[in-house]
Amino acid sequence: MSIPVSGSRVKIRRAIALAITTLATGLLTVACNPPTPTPGPGKNSPSPNPSVSNPDPNTAKGLKIGSLLPSTGDLSSVGQPLPQAIRLLIEKVNGCGGVNGEQVTFFAEDDQTDPNAGAAAMTKLTEVDKVAGVVGSFASGVSTAAAPIAARNKVMMISPGSTSPVFTKQAKEGKFNGYWARTAPPDTYQAQALAKLAADRGLKRVSTIVINNDYGVGFEKQFVDAFKKLGGTIVNESKPTRYDPKATTFESEAAGAFGGKPDGVAAILYSETGSLLLKSAYQQGLSQGVQIMLTDGVYSPDFPGQVGKTSDGKYILAGAIGTVPGAAGPALQEFTKLWQQKTSKQITAYLPHTWDAAALLILAAQAAKSNTGEGIKSKLREVANPPGTEVSDVCKGLELLRKGQKINYQGASSNVDIDANGDVVGIYDVWTVQPDGTLKVIDKVTPK
């Protein structure tokens, strides 16, 4: 999943042709059939079909914002609610005057948690829809495929969830020309936080099992280094256990991670494949007495049910612990209230980060007095960082920017101070799987 997609002209032409055909088909469908209301995202809601609901890029005026997020695929359980946060933000912004005197238009695409689909969708967003900024992607492997397309087309890309450390390195090398940022902190920090959590729990000998892509391998390296510095031993360091994201059976991988009698296993997974792996470890009798440590890739209320229950009806994952980027920004209370009013649902992981990514695109466009990716890039760090008047309300920020004043946006996820590599630093929630299969945040941990 982490292999970048070729940028050849032939493939781009094919992707554009496919996108135009899809868009035309969607418009004809809407013209012939009255639209039906789409349920809000949730585990019982059908996945949205963005190609049908998207507006006509040829008639849309003003700032155009896209999203590239996983409504289907291995990360769909996390990704399905995320576009709704962007819709709510744009609805709020358009209600208080829009950006640069015009309404903001939203184009949503499903990346299917797949680099090939993500690259084709980013090509459509940048070269057909001609958006100025994109919120996404979520999976690091998809962002690896999509980011060069965004940069080539001078479109600002802000990910709410791609946490691989590789993006920091590539940004330092100038690969993205400044057209990349993220509101979720890189796994350099989460790996350190998970290592500290393991040490705080008294674990001495730990194995790792990771999905074999940018996210998993990057996290693994940082975790191994951090845990060893804290005095721990990595049981399978000489032979790391990594699994193919397209695999359907995981007996040997489960044995490789759990078979060395470790105190704990750091499992860096995605939901659909990760649930099968952990179920296999249980069925082979390998996971009993081993502390399972999880991360943001499986932080979903559905995940314990996906792994399943024991023969006596108990959740296999009961007692597992994990980390996830926390949300404790000044705008969180306001966003939570709005989200619950509009959706009647609780806040889930990465919704605040998605809200902030969209907010930064909008505020930077207003600060630049330009509805282009170049304009957004030029003002992104200015609206995110000091100095400037601290604002947590996007409409208040727009009002000040229209008057020519400088702002320092304080987000829902954090203060979203963005460094030269497009990174933010965060704190992490510690969560556990309770006996009834629900997830509960029990603590916070800061990287060390």
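Predicted model: local features only at pLDDT ≥ 70, side-chain atom pairs only at ≥ 80, totals over all residues.
Q: Where does Lys-369 sit, then?
A: Lys-369 is in the loop between α14 (351-368) and α15. A positive phi there is in a residue other than glycine.

Q: Buried or exposed, that Lys-369?
A: Lys-369 counts as exposed, because its relative accessibility is 59% and the cut-off for exposed is over 50%.

Q: And how buried is α14 itself?
A: Of its 18 residues, 17 are buried, so α14 is largely enclosed by the rest of the structure.

Q: What's the end-to-end reach of α14?
A: From first C-alpha to last, α14 reaches 26 Å. That is close to the 26 Å expected for its 18 residues at 1.5 Å a residue.

Q: How do α14 and α15 cross?
A: Their axes come within 7 Å and cross at roughly 105°. That makes α14 roughly perpendicular to α15, since angles of 65 to 115 degrees fall in that class.

Q: Which residues make that contact?
A: On the α14 side there are Leu-360, Leu-361, Leu-363, Ala-364, Ala-365, Ala-367 and Ala-368. From α15 come Gly-375, Ile-376, Ser-378, Lys-379, Leu-380, Val-383 and Ala-384.

Q: Changing topic: which peptide bonds are cis?
A: One of them runs from Gly-136 to Ser-137, with omega near -10°. Another is the bond from Pro-386 to Pro-387, where omega is near 0°.

Q: Where are Ser-137 and Pro-387 in the fold?
A: Ser-137 is in the loop between β3 (133-136) and α6 (140-152). Pro-387 is in the loop between α15 (373-384) and β12 (389-391).

Q: What about Asn-177, what's its phi?
A: Phi of Asn-177 is near 50°, a positive value in a residue other than glycine. You'll find Asn-177 in the loop between α7 (166-172) and β5 (180-182).

Q: On to α9. Which residue caps its N-terminal end?
A: Asn-213 does, with a side-chain oxygen 3.2 Å from the backbone nitrogen of Tyr-215.

Q: Why does the span of α9 agree with what it should be?
A: α9 has 16 residues (214-229), so at 1.5 Å a residue it should span 22 Å, and its end C-alpha atoms are 23 Å apart.

Q: Which α9 residues are buried?
A: Among them are Asp-214, Tyr-215, Phe-219, Glu-220, Phe-223 and Phe-227. The buried set also includes Gly-216, Gly-218, Gln-222, Val-224 and Ala-226.

Q: And what follows α9?
A: Gly-231, with a positive phi near 95°.

Q: What does Ala-199 touch?
A: Setting aside residues up to four places away in sequence, Ala-199 touches Phe-227 and Leu-230. Phe-227 is also one of the buried residues of α9. Ala-199 itself is found in helix α8, and counts as partly exposed because its relative accessibility is 29%.

Q: How far is Ala-199 from Gly-232?
A: They are 33 residues apart in sequence, and their C-alpha atoms are 7.4 Å apart in space.

Q: Tyr-189, which helix is that in?
A: Tyr-189 is in α8 (residues 187-200). At 25% relative accessibility, Tyr-189 counts as partly exposed.

Q: Which residues is Tyr-189 in contact with?
A: Leaving aside neighbours within four places in sequence, Tyr-189 is in contact with Val-424, Val-425, Tyr-428 and Pro-447. Its C-alpha is also 9.1 Å from that of Pro-165, 24 residues apart along the chain.

Q: Is Thr-310 buried or exposed?
A: Thr-310 counts as buried, at 17% relative accessibility. Thr-310 lies in the loop between α12 (303-307) and β11 (321-325), and touches Tyr-282 and Ile-316, not counting residues up to four places away in sequence.

Q: Zooming out, how many helices and strands are there?
A: The chain has 16 helices and 15 strands. Buried residues make up 56% of its 448 residues.

Key: Residues numbered from 1 in each chain as written. Heavy atoms only, no water. Helix = DSSP H or I, 4+ residues; strand = E, 2+ residues; numbered from the N terminus. Expected span 1.5 Å × (residues − 1). Buried < 20%, exposed > 50% of the residue type's maximum accessible area, 1.4 Å probe, protein only. Polar contact = N/O pair within 3.5 Å; in protein donor to acceptor, adjacent residues only side chain to side chain. Contact = heavy atoms within 4.5 Å. Axes fitted to C-alpha atoms, helices over the stretch in contact; angles between N-to-C directions. Parallel < 35°, antiparallel > 145°, perpendicular 65-115°, else oblique.
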